Amino acid sequence: MSTDCVHVAVRVRPFVDSERSRGCVQILKKVSSEPQITITGDSNSKSQDTYTFNNVFMPEISQHIVYDECVKPILPKLFDGYNVTILAYGQTGSGKTYTMGTVFDGDWENTRVGIIPRALRDIFKTVRTMEDSSTISITCSFMELYREVLYDLLTDRSRDQSVCEIREDGSKGIIINGLCEIPANDEDKATNCLMTGGSKRTVGATAMNDASSRSHAIFVVNVKAVRLDGTGSTTAKFTLVDLAGSERSKKTKATGTRFKEGVKINQGLLALGNVISALGGGTASSNGYISYRDSKLTRLLQDSLGGNSVTLMVACVSPADYNIEETLSTLRYADRAKKIKNKPIKNENSDQAEIQKLKQTIQDLRLQLLDR
Ligand code: ADP
Ligand code: MG
C-alpha cells in the first residue's frame, strides 16, 4: 500500500429498516472487480457516475474484511515511528460509528466489532512479539469535539471542567493542554479507555439531544518504542476519528434544538472540506497557504492531512435512493481526499534520525527553489 497519498475506502452499509419500509431502491453498484463504485440516478434521472477509490466495500462485506484489507496493513507503520490516522466520514446513519467501532461493549465474539477494538488487539499482539528487542509503552486518550469545544472523555473531572485547549509547539506539533493520557499495557486497559470515554459521550449526548451526530469523537493511541540495544527510539500517534454527520440536511431541521443545530453547519466539517479541497484540488491560495486554523478539527488533524501521517479515510454511505444527495456529496468529498499527498516522516529519536530529517528538509527546500 502506498503511504504518501491519503488512502480512501468507500463503504456501503446494508439497508436499514426505515429505508426498507420506505420502499427505497439501491443506487450504488460495483460493476467490476476494480475498486470502483457506480451511482445510478434516482427515478428522476438517468445519469450514472463512476468513482474509483482504493477500496470499495459493498453491503455484504464484513467488519473483519474491512479491517483486514485497509487497516491491518498500515498498523506496522506505528512501530516504525510513523503517525497513522483513520477518519470515518459520511452522513448521520451511514455507518461511521459501526465501522470505527467507537461504541464497544467488550464482547469480542461479536462479529460486529469495529476498527478501533480490532486495531487495539493487534497493536498489543505486535507489542508482545517485540518484547525481546524493544520496550514499548502505550497510552490512550479520548476526546469529543462539539461546537468547537474540545472535551476530554477520560478525565474524572465534570464535563465543564474537562475542556481542553489546543496549543502548537514548534518541535512537538499540536499539544493538547491537560489531556489525560492513560497508560495501557494490554488490550483490556486500552479497550476500557474506549468504553469509559464512550459512555461519557453517550451520557452527554442524551442531555444534549443526540449531540453525538454533531460531534467528532477522537481516540488517540500513542506508541513509544525504545530499542533495547541502545540505538534509539521511535514515537507514533494513532488517531481514530468518528466524524460528525456530514449532512447539511433539510431532512433533520424539523424541531426546536435540532432546528437551530441544523442551521449552524458544523464548523469543523466545513473547514475540513476546505482543507481537503485545497490540498487535493490545488485550490490553496497562491502562497500555498492551507487554512488549518479555521477550526479545532482541522488544527487537530493538521498532521494527518497534507502532513506527516499515513492516512485512511473511510467514506460511509447509505445504499438507498432516498439519501442520494448526501451520498453524492460524500463520494465527491472522498474523491477530492484521495488526491491529497502526505509526507509520512519517521518519528525517530536519534542523531541518525535528525540527519535524515534535515536531509529531507534540504530536499524540500531544493524542490521549492526549482518551482520558482
Ligand atoms: P453513523 O455513526 O454514521 O451515524 P451508525 O454507525 O450508527 O451510523 O449506523 C447506523 C445504523 O446502521 C446502525 O443501526 C448500524 O448498526 C447499522 N449499520 C451501519 N453499517 C452497517 C453494516 N456495515 N452492517 C450492518 N449494519 C450496519
Ligand atoms: Mg455515529
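Predicted model: local features only at pLDDT ≥ 70, side-chain atom pairs only at ≥ 80, totals over all residues.
For your selections, residues are numbered from 1 along each chain as its sequence is written, and chains are lettered from A and ligands numbered from 1 in the order in which they are written.

Now colour by secondary structure. The protein has eleven helices and 15 strands; these are DSSP runs numbered from the N terminus, helices being H or I with at least four residues and strands E with at least two. Of the 372 residues, 40% are buried. Here buried means that 20 or more other C-beta atoms, placed from the backbone, lie within 10 Å of the residue's own, exposed means 12 or fewer, and partly exposed is in between.

**Stop 1: ligand 1**

Select ligand 1 and show what is around it. The ligand is surrounded by 14 residues, and the closest are R13, G95, K96, T97 and Y98; a residue is near a molecule if its C-beta atom, placed from the backbone, lies within 6 Å of it. Helix 4 (residues 96-100) gives the largest share of this shell, three residues. By type, the shell has four nonpolar, eight polar and two charged residues. In that count Ala, Val, Leu, Ile, Met, Phe, Trp, Tyr, Cys and Pro are nonpolar, Asp, Glu, Lys and Arg are charged, and the others, Gly among them, are polar.

Next, select G90, Q91, T92, G93, S94, G95, K96 and T97: an unreviewed UniProt entry places the feature "binding site" there. UniProt positions are given in the numbering used here, feature names are shortened, and annotations may be inferred rather than shown by experiment.

Zoom in on G95, in the loop between strand 6 (84-89) and helix 4. Is G95 buried or exposed? G95 is buried, because 22 other C-beta atoms lie within 10 Å. Beyond its neighbours within four places in sequence, G95 touches R11, R13, G90 and C316.

Step along to K96, which is in helix 4. K96 counts as buried because it has 28 other C-beta atoms within 10 Å. Its contacts, again leaving aside neighbours within four places in sequence, are A88, G90, D242, L243 and C316.

**Stop 2**

Select residues 134-146 and 216-227. These are strand 7 and strand 12, which run antiparallel and are joined by twelve bridges; two strands pair if DSSP finds at least two bridges between them. Look for L145, which stands opposite H216 in strand 12.

Strand 12 pairs with strand 13 in the antiparallel sense over ten bridges, and V223 has A236 as its bridge partner in strand 13. Five residues lie between the strands of this hairpin, and G230 there takes a positive phi near 80°.

**Stop 3**

Most residues other than glycine have a negative phi. Select R147, which is not a glycine and has a positive phi of about 50°. R147 sits in the loop between strand 7 and strand 8 (149-152) and is partly exposed, because 15 other C-beta atoms lie within 10 Å. E148 is in the loop between strand 7 and strand 8 too, with a positive phi near 65°. E148 is exposed because it has 11 other C-beta atoms within 10 Å.

**Stop 4**

Strand 3 (residues 36-40) is joined to strand 4 by five bridges, and T40 has Q48 as its bridge partner.

**Stop 5**

Select V10, Y89, I116, V275, M313, A315 and A334, which have the most contacts inside the largest nonpolar core, a set of 86 residues. Such a core consists of buried Ala, Val, Leu, Ile, Met, Phe, Trp, Tyr and Cys residues joined through C-beta atoms within 7 Å. Around I116, contacts include M100, F104, L194, F219 and L240.

Finish at T298 in helix 9 (residues 296-300). T298 is buried, because it has 24 C-beta neighbours inside 10 Å, and its contacts include G268, L272, V275 and Y292.

Definitions and conventions
Contact = placed C-beta atoms within 7 Å.
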